[in-house]
Amino acid sequence: MTPYIHVVKYYECDRMGITHHSNYVRFMEEARIDWMDQLGYGFERMEAEGVVSPVMEIELAYKHPTTFKDKIAISVEIGEMSALKIAFNYTMRVGETVVCTAKSKHCFLENGRPVALEKRFPDFYKLITTN
């Protein structure tokens with residue numbers, strides 16, 4: 001998969017000129033949406049089919065600061081998976097420098113009830129387990 005590229009905006013930086021830490025969660029979401037689009041099974045399709053995927057947990061480890069106009073390449077990989085949950089691992093780099101590593105854990109809900117990914121979305125499940 002091709003890493004997602006986020007160019008740091010001026011408004012994403014604090015008074016010290018450093019990308020504010022809270023923005024990395026948004027960068028993760030942008031990268032995850034792009035990753036799903038690259039698979040050919042975007043959020044729009046899943047939501048049109050009545051399923052949402054809320055975030056249950058977030059972990060971030062900041063390694064190196066980023067600043068205005070830095071190009072952050074964000075790689076997304078599947079981490080842990082179970083019948084009802086999925087975790088994504090993120091590696092964010094500027095050039096060869098790792099600036100942040102992160103993880104997000106999600107479940108899948110339909111009408112507010114948990115759904116098994118493999119049963120409800122067998123095509124999507126097959127895509128993510130083979131990529």
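Tyrosine 90, leaving aside residues up to four places away in sequence, touches Met28, Arg32, Ile74, Ser75, Val76, Cys100, Thr101, Ala102, Lys103, Ser104 and His106, where contact means heavy atoms within 4.5 Å. The model is predicted, so that local features need pLDDT of at least 70 and side-chain atom pairs count only at pLDDT 80 or more, while totals for chains, interfaces and linings use all residues. Residues are numbered from 1 along each chain as its sequence is written, and side-chain values use heavy atoms, with hydrogens and water left out.

Tyr90 is also among the residues with the most contacts inside the largest nonpolar core, together with Met46, Ile72, Ile74, Met92 and Phe124, and this core has 30 residues. Such a core is a set of buried Ala, Val, Leu, Ile, Met, Phe, Trp, Tyr and Cys residues joined through side-chain atoms within 4.5 Å, buried being under 20% relative accessible area with a 1.4 Å probe and protein chains only. At least two core residues come from each of α1 (23-39), α2 (43-48), β4 (71-81), β5 (85-94), β6 (97-107) and α4 (122-130), the elements being DSSP runs numbered from the N terminus, with helices (H or I) of at least four residues and strands (E) of at least two. The largest contribution, seven residues, is that of α1.

Of the contacts with a separation of 6 or more, 62% are between residues 24 or more positions apart.

Technical notes
Buried means under 20% relative accessible area, exposed over 50%, partly exposed in between (1.4 Å probe, protein chains only).
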